[in-house]
Amino acid sequence: FMKSVVIIGAGMGGLAAALRLRRMGFEVTVIEKLKRPGGRSNILQEQGFRVDIGPTILVMKDTFEETYRAIGQDLNQRIQFKPLDPNYRIYYHDGTYIDLYNGMAKLSAEVEKVEPGVTERLFRFIGESAKKYELGMDFVVRNYDHITDLANPMAGVRLVQTSSYQNLYGQVGKFFKTDKLRKAFSFHSMFLGLSPFDSLAMYSLITYADLVEGMHYPMGGIYSIIEDMVALCGEMGVTLRTGVAVKEIKVEAGRATGVVLESGEFVGADMVVSNADLVYTYKRLLRPEFRKVYTDAKLDRLDYACSGYMLFLGIDRQYDHMRHQALYFSEDYRANLDAIFRTRTIPDDPSFHLNNPSVTDPTLAPPGHSMLYLLAPMPNLQGDNDWNAAAPVVREKLYRQLERIVDPEIRKHVVWEREYRPADWERDINAPYGVAFGSLSQRFFQSSYFRPHNKARDIAGLYFVGQGTYPGIGMPMVLLSARLLEERLAKDYRL
């Protein structure tokens, strides 16, 4: 007979899992609290503007292609992608900028402007990052059952050879002498919710993936991938229920038997997969008596990633001088990061991510208009900040920088504006402490074997998918988590 599975949450991981498990022959029901599926990958659509709230660009496109191949589809026939080049424009506090191209000749010409004679060191840095990428992927594409699964002697040797265990900012500093280039080649760990000053050098593998494999933009935005996955769910016979919240995971005789909805309705299944935030799943969806491993005390001791303040602006003119993606770095990088990660206070001079996706995709805004997206990393809600007081201050600081780097008259041209604060992540997707990119930061002891496993150790028939389990944070990792879940279930149920 056909095994049934209920998946809590229609984030990218939940949808990828639904498609893979349906393809394996499971009867699949997905239950999503919000009216719109997508989880962190969601959109605002108002007044002719369409903006991704979550991720905006993808790297490691091969993980998306593999997901589609696994369900008998061709990603590139269903979605149109445009490669970005340059990947980013980096704006500095002194009014200068450089473009990070993914072609080495152009990239070296840009960095030479900042630090003459740096090219050879740049290539060495990229070569070292390539080794880390190869090593890192070894740890990423596998399920873990025992700590001995980590004990791969070759990996240990390579970890030492590549100095991947060192500090990221410190190691980047060995290749680049100027503060400007150190910033440009160390910020990527922020996407894992980690300060470059606290991150493993291993994570320069993300810089490598960006620069060498390139970055891609799906036309219509990242949400167009969610829309396509939802369409595939319909075609393949996955039941998707939106606007319905799960109240609790039902456990009988030590086994998950389904979910109880807020309405009181019981949806039974042979197994439950949670794509809701893992910490939220344990704290809110399981009764304390069933939680032998992840008690509140244990969860409270974990290290949580940062949050972000976002500003979305619809503008009645176009800025052809802008790149699709940019970053603005404040002068005191360390003070900015220490505020976010150490003291959990609002930074005085926030650095931010600045996107103008309408440069690549004019459909995101009405004709002749632009759509700007700003994301300033901020402390999560473990910090004692009054966001009602802080938000207008942060907003004003961001506007002042936009006047400097984009258009001194920009305020006159704003016809639509929305903001998104840390508490909104908590409200919309049950993100603990309002974390933005993923909940548990990718510190060493929260990665690979040490990250919560995709199979509950204390409750049979309960599994996890998404950023809270391994491999971790970021869309490629979330898609890999669905692949690892499929492998896990195939083994557990001998499929």
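Helices here are DSSP runs of at least four residues, numbered from the N terminus. With that in hand, let's walk through some salt bridges in this predicted model.

**First stop: helix H5.** Select residues 119-140 to bring up helix H5, then pick out Glu-128 and Lys-131, which sit three residues apart, about one turn of the helix. Their side chains meet in a salt bridge, with N to O at 3.2 Å. Glu-128 is partly exposed at 22% relative accessible area, and Lys-131 is also partly exposed, at 43%.

Now select Glu-46 and Arg-418, whose side chains form a salt bridge of 2.9 Å, N to O. Glu-46 belongs to strand S3 (residues 43-46) and Arg-418 to strand S18 (residues 414-420), so this pair ties together parts that are 372 residues apart in sequence. Glu-46 is partly exposed, at 25%; Arg-418 is partly exposed too, at 34%.

**Then: two loops.** Show Asp-407 and Arg-317, where the closest N and O atoms of the salt bridge are 3.3 Å apart. You will find Asp-407 in the loop between helices H14 (387-405) and H15 (410-413), and Arg-317 in the loop between strands S14 (307-315) and S15 (325-329), 90 residues apart. Is Asp-407 buried or exposed? Asp-407 counts as buried because its relative accessibility is 5%, and the cut-off for buried is under 20%. Arg-317, at 33%, is partly exposed.

**Last stop: a network.** Select Asp-198, Arg-334, Asp-338 and Arg-342 together: salt bridges that share partners join these residues into one network.

How values were computed:
Residues are numbered from 1 along each chain as its sequence is written. This is a predicted model: local features need pLDDT of at least 70, side-chain atom pairs count only at pLDDT 80 or more; totals for chains, interfaces and linings use all residues. Side-chain values use heavy atoms; hydrogens and water are left out. A salt bridge is a side-chain nitrogen of Lys or Arg within 4 Å of a carboxyl oxygen of Asp or Glu. Buried means under 20% relative accessible area, exposed over 50%, partly exposed in between (1.4 Å probe, protein chains only).
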